[in-house]
Structures are given as C-alpha cells and as structure tokens.
Amino acid sequence: MKFYSTKSDRHKLKYLITSKKAYTLIEMMLSIIIFSLMLVTIFMVLSIGLKSWQLGEMSSSNQQAAEVAMQRITGELKISNRITCKFDKANSFDPDYICFENPMKEQDFKTDSITRNPLWQSHIIYYILPVSAGSKKNILYRRVISHASSVIPVVLNNLTILSYLTPDEIGGEKPKVIVRDVEKFEIKQGTGNLINITLVCARTMEEKKLVYEQDFKRGVKSSITVSTSIRPRN
C-alpha cells in the first residue's frame, strides 16, 4: 500500500480523487433515450418483416388452394358429357354449382365392352355454401352421387340437384370440402360447348395491433382469381 505523508503527496492524492469523473444524470438520460430508440427501430423492422412474411404466406396459400381446386374441377369436366353439365340457377338465391356425369370408378375410366363408349357411374356436383348465415366467405364442396352404370348419360333435373346442395350427409355420403375462403365461384356458358369457370379465393389478415401500421392496416386482404375455359370431350 502506498502512503502519502508530505504535503505535496497529499495534494497529489486530493487531485487524483477529485479528477475521477462519474456519469451525470443528463448523460444517463441521453443513453436511455438512444437505447430506447434503437429498440423501437429494431421492433419496427421486425414488425414489417413479420407482416410481409404473413402476407406472402397468405397469398401463396390462397393461390395454391385455388389452383388445386380448379385443376380438379377441370380434370373431371374434361372426361364428362356436355349434355349432362348443368349450372343454371332457378333464382339468384340458389348456390352456385356445376353438376355433370362421371365415367370414373375407383380411379379407372370405365367403358362399355361392346360399344367402347364411356360407362357413366355417378354424378359429381361442385357447389359453394356460406360458412355461416350472413357470411361472405364460402366453402367449395364436392359431392358424388353414385348410380347404376349406364351407357346413356343421365341428366339430373334442377330440383334433384338443389336437394343435394347441402353440407349434410345424404344417402350415407357426405360432401368433401375442396377449398375454404371462397369469395366467388362462377360458371358461365362460353362459345359452343365451352364452359367458363371463375374461382376467387380471398383471406383477410386479422391479428393483434402492432406498433408499425402505416403500410399494414388491419384487415389487409389477399385475393387470387383463377379462370379457365373447358370443353367436355365425351
């Protein structure tokens, strides 16, 4: 240990003690403010990145669901008979639908052993129904109505078709959900035997309020529209 005995030494010791500086209150406040600003900036950047990622994921999911649903519909319509395709509604309150004959059974295309004409096995109906009463969101269903094999295609009447447009089980068979969040499912007559189909899927971002909302407001909607024209071959 070093001792300071002389006056000069004591003066040096006093100088050493008084020359030690501490942080002032203003310096500490400035440090806290700067650190807080850095945290807010980092949080804002992460918030923007998170919302951008959510929007991208939502758009990708929408597009994939709509395209898969459309490919399935057109794939089955290609091998159907145009005469059996029905999509006319009795009034505007009826659900949008398309009904047609199907020659497939257990993933095999069935044909008559003599005439080699398609052997019709069932009717397929694609239709949309609201998720709940008054909801703008719809669910696209697919219902299969099996019947005895026939070389001559059978056309269902409107009343019979409407009786099947329900999410409930009928005849031991329940409809399958093809895609949710459907905003529009429209079928129109095209030129000649063409059938025009439009499917719109839309989702809305609903989440807790975050700090940064200038570019990302609540209720941001991602919508995808898939349209095609198909001509039944059989």
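Helices (H or I, at least four residues) and strands (E, at least two) are DSSP runs, numbered from the N terminus. Lys 176, for one, is found in strand S6.

This is a predicted model, in which local features need pLDDT of at least 70, side-chain atom pairs count only at pLDDT 80 or more, and totals for chains, interfaces and linings use all residues. Residues are numbered from 1 along each chain as its sequence is written, and side-chain values use heavy atoms, with hydrogens and water left out.

## Overall layout

The protein has three helices and eight strands. From the N terminus on, the order is α-α-β-β-β-β-β-α-β-β-β. The protein exposes about 15,500 Å². Carbon and sulfur atoms supply 58% of that area. Accessible areas come from the Shrake-Rupley method with a 1.4 Å probe; for residues, only the protein chains shown count as cover.

Of the 234 residues, 32% are buried. Buried means under 20% relative accessible area, exposed over 50%, and partly exposed in between (1.4 Å probe, protein chains only). Contact means heavy atoms within 4.5 Å. Among contacts between residues at least 6 apart in sequence, 63% join residues at least 24 apart.

## A nonpolar patch

Ile 26, Leu 30, Ile 33, Ile 34, Leu 37 and Met 38 make a nonpolar surface patch of about 620 Å². Patches are made of residues with over 30% relative accessible area and no salt bridge; like charges are joined within 9 Å, and nonpolar side chains (Val, Leu, Ile, Met, Phe, Trp, Tyr) within 5 Å. A salt bridge is a side-chain nitrogen of Lys or Arg within 4 Å of a carboxyl oxygen of Asp or Glu. Leu 30 lies in helix H2, residues 25-78. Its relative accessibility is 49%, so Leu 30 counts as partly exposed.

## Aromatic pairs

A pair of aromatic rings is described by the distance of the centres and the angle of the planes. Rings of Phe, Tyr and Trp (its six-membered ring) pair if their centres lie within 6.5 Å; planes under 30 degrees apart count as stacked, over 60 as edge-to-face and the rest as tilted. A search of the whole structure finds two aromatic pairs.

| Pair | Centre to centre | Angle of planes | Class |
|---|---|---|---|
| Phe 100 and Tyr 126 | 6.3 Å | 20° | stacked |
| Tyr 127 and Tyr 141 | 5.5 Å | 20° | stacked |

The pair of Phe 100 and Tyr 126 links distant parts of the chain. Phe 100 is in strand S1 (residues 97-102) and Tyr 126 in strand S4 (residues 120-130), 26 residues apart. Phe 100 is buried, at 0% relative accessibility. Tyr 126 is also buried, with a relative accessible area of 0%.

Tyr 127 lies in strand S4 and Tyr 141 in strand S5 (residues 138-150), so this pair ties together parts 14 residues apart in sequence. Tyr 127 is buried at 0%. Tyr 141 counts as buried at 10% relative accessibility.

## Helix H3

Ile 161 sits in helix H3, residues 158-164. Ile 161 is buried, with a relative accessible area of 0%. Not counting residues up to four places away in sequence, Ile 161 touches Lys 86, Tyr 97, Cys 99, Ile 125 and Leu 156. Ile 161 and Phe 87 are 74 residues apart in sequence and 9.7 Å apart in space, C-alpha to C-alpha.

Lys 176 is exposed, with a relative accessible area of 51%. Leaving aside neighbours within four places in sequence, Lys 176 is in contact with Leu 140, Tyr 141 and Arg 142. Lys 176 and Arg 143 are 33 residues apart in sequence, with C-alpha atoms 6.5 Å apart in space.

Asp 181 is in strand S6, residues 176-189. Asp 181 is not a glycine, although its phi is positive, about 55°. With a relative accessible area of 22%, Asp 181 is partly exposed.

Two strands pair if DSSP finds at least two bridges between them. S6 and S7 pair in the antiparallel sense over seven bridges. Lys 184 stands opposite Val 200 in S7. The hairpin of S6 and S7 has five residues between the strands, and there Gly 192 takes a positive phi near 65°.

S7 also pairs with strand S8 (residues 221-230) in the antiparallel sense, over 10 bridges. Leu 199 stands opposite Val 226 in S8. Seven of the 10 residues of S7 (residues 195-204) are buried, so S7 is largely enclosed by the rest of the structure.
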